[in-house]
Amino acid sequence: MARKNTTRTDNGFADVIDFAARSRCRSEARGLDPIAVAMTMLAETGTPPA
């Protein structure tokens, strides 16, 4: 009999972090400077990067 894990640890924060990381990588790939990357992340996610 297979064990079924009913404990749920994902509360949605992983999706937010992943979106912010993708936004940063996309901006860096376009060749933006660090200040422009921070401003783009702020505009796209609504929170400043740490």
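Okay, let's start with a pair of side chains: Glu-28 forms a salt bridge with Arg-24, and their closest N and O atoms are 3.6 Å apart. By salt bridge I mean a side-chain nitrogen of Lys or Arg within 4 Å of a carboxyl oxygen of Asp or Glu. Side chains of opposite charge can pair when their charged atoms come close.

Before I go on, a word on what you're looking at. This is a predicted model, where local features need pLDDT of at least 70 and side-chain atom pairs count only at pLDDT 80 or more, while totals for chains, interfaces and linings use all residues. Residues are numbered from 1 along each chain as its sequence is written, and side-chain values use heavy atoms, with hydrogens and water left out.

Now the overall layout. The protein chain has 2 helices and 0 strands. Of the 50 residues in the chain, 12% are buried. Buried means under 20% relative accessible area, exposed means over 50%, and partly exposed is in between, with a 1.4 Å probe and protein chains only. As for the surface, the chain exposes about 4500 Å², and carbon and sulfur atoms supply 59% of that. Those areas come from the Shrake-Rupley method with a 1.4 Å probe, and for residues, only the protein chains shown count as cover.

Back to our pair. Where do Glu-28 and Arg-24 sit relative to each other in helix α1? They're 4 residues apart in that helix, which covers residues 13–29, so about one helical turn separates them. Glu-28 is partly exposed at 44% relative accessibility, and Arg-24 is partly exposed too, at 37%.

How many salt bridges does the structure hold? There are 2. Besides the pair I opened with, Glu-44 and Arg-26 meet through their side chains, at 3.0 Å from N to O. Here Glu-44 lies in helix α2, residues 34–45, and Arg-26 lies in helix α1, so this pair ties together parts that are 18 residues apart in sequence. Glu-44 has a relative accessible area of 35%, which makes it partly exposed, and Arg-26 is partly exposed at 41%. The side chains of Arg-26 and Glu-44 also make a polar contact at 3.0 Å. For that term, we need a pair of N or O atoms within 3.5 Å; within protein, one must be able to donate a hydrogen and the other to accept it, and residues adjacent in sequence count only if both atoms are side-chain atoms.

Let's stay with the two helices and look at Ser-27. Is Ser-27 buried or exposed? Ser-27, in helix α1, is buried, at 1% relative accessibility. Not counting residues up to four places away in sequence, Ser-27 touches Leu-32, Val-37 and Thr-40; contact here means heavy atoms within 4.5 Å.

Thr-40 picks up the story from helix α2. At 16% relative accessibility, Thr-40 counts as buried. Leaving aside neighbours within four places in sequence, Thr-40 is in contact with Ser-27, Arg-30 and Leu-32. The Thr-40 side chain also reaches the backbone oxygen of Ala-36, at 2.8 Å.

Here are a couple more distances between residues. Arg-26 and Thr-40 are 14 residues apart along the chain, with 10.0 Å between their C-alpha atoms. Ala-21 and Met-41 are 20 residues apart in sequence, and 9.1 Å apart from C-alpha to C-alpha. Ala-21 is in helix α1 and is partly exposed, at 28%.

Last stop, the surface. Which residues form a nonpolar patch there? Ile-35, Met-39 and Leu-42 do, with about 310 Å² of accessible area together. To be in a patch, a residue needs over 30% relative accessible area and no salt bridge; like charges are joined within 9 Å, and nonpolar side chains (Val, Leu, Ile, Met, Phe, Trp, Tyr) within 5 Å. Met-39 is in helix α2, and its relative accessible area of 53% makes Met-39 exposed.
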